[in-house]
Amino acid sequence: MKHSMRPALVLLVLLTLITGGLYPLAVTVVSQVAFPYQANGSLIVNGDKPVGSERIGQQFDAPFYFWGRLSATTPNPYNAQNSGGSNLGPTNPALADEVKGRIAALREADPSNTSPIPVDLVTSSGSGLDPDISPAAAAYQAARVAKARGLPLEQVEGLIASNTSGRQLGLFGEPRVNVLRLNLALDQVKPVR
């Protein structure tokens with residue numbers, strides 16, 4: 001038994017050093033050299049202060065800001081420690097109530113807007129942390145935000161266009177608008193405080 005224990009212990013120590021030390025160190029070094037922005041959390045900096053991440057949504061509910069997708073994380077919205085979908089099926093009454101509540105909030109915030117509400121404004125994403133909305137969802141909110149900020153609608157639509165990212169590599173995904181970046185651009189044009 002002694003003869004079989006020694007190789008097993010040596011292999012355990014060797015694999016622990018490789019998988020627990022060398023490999024994570026190599027991945028960290030490569031990511032910091034090749035992708036420092038992404039490796040450090042894709043932080044968005046306003047002035048010299050980090051205000052959020054490009055990859056994790058934030059809660060906006062003031063009428064002078066664009067609103068993002070609903071967050072499925074509880075008890076706090078956009079809590080990265082609780083990432084995950086709501087797991088509510090299409091026949092679940094809780095999902096229907098959630099959608100109805102968001103529709104009511106959107107209609108209350110802009111009663112004159114009778115356009116169909118884009119689905120991404122009334123549902124949460126799979127992670128519950130989605131930082132992006134569709135260009136249609138941003139366009140739906142443009143009149144409300146322009147009115148609340150006292151800006152021409154065309155100027156707000158221009159900000160939406162300049163903050164819209166296309167498909168990845170021109171093929172993958174859908175065009176999207178990062179809500180935090182768009183709201184920061186609005187604050188640059190006309191601060192609300």
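How many helices and strands does the chain have?

## Fold at a glance

Six helices and five strands, going by this predicted model. Reading from the N terminus, the elements go α-α-β-β-α-β-α-α-β-β-α. The radius of gyration comes out at 23 Å, well over the 16 Å that the globule rule gives for 193 residues, so the chain is more spread out than a compact globule.

The box tells its own part of the story: along the principal axes, the C-alpha atoms fill roughly 80 × 45 × 35 Å.

## The sheet

Now for the strands. Three of them make an open sheet, ordered E3-E5-E4, with antiparallel pairing. Strand E3 (132–133) and strand E4 (164–165) are the edge strands, each pairing on one side only.

Zooming in on one pairing, E3 meets strand E5 (residues 176–178) in the antiparallel sense over two bridges. Ile-133 stands opposite Val-177 in E5. As a reminder, strands of a sheet pair through backbone hydrogen bonds, either parallel or antiparallel.

## Packing and contacts

What share of the 193 residues is buried? Buried residues account for 31% of the chain. As for contacts between residues at least 6 apart in sequence, 59% of them link residues at least 24 apart.

Technical notes:
Residues are numbered from 1 along each chain as its sequence is written. This is a predicted model: local features need pLDDT of at least 70, side-chain atom pairs count only at pLDDT 80 or more; totals for chains, interfaces and linings use all residues. Side-chain values use heavy atoms; hydrogens and water are left out. Helices (H or I, at least four residues) and strands (E, at least two) are DSSP runs, numbered from the N terminus. The radius of gyration is taken over C-alpha atoms; the globule rule is 2.2 Å times the number of residues to the power 0.38. Buried means under 20% relative accessible area, exposed over 50%, partly exposed in between (1.4 Å probe, protein chains only). Contact means heavy atoms within 4.5 Å. Two strands pair if DSSP finds at least two bridges between them.
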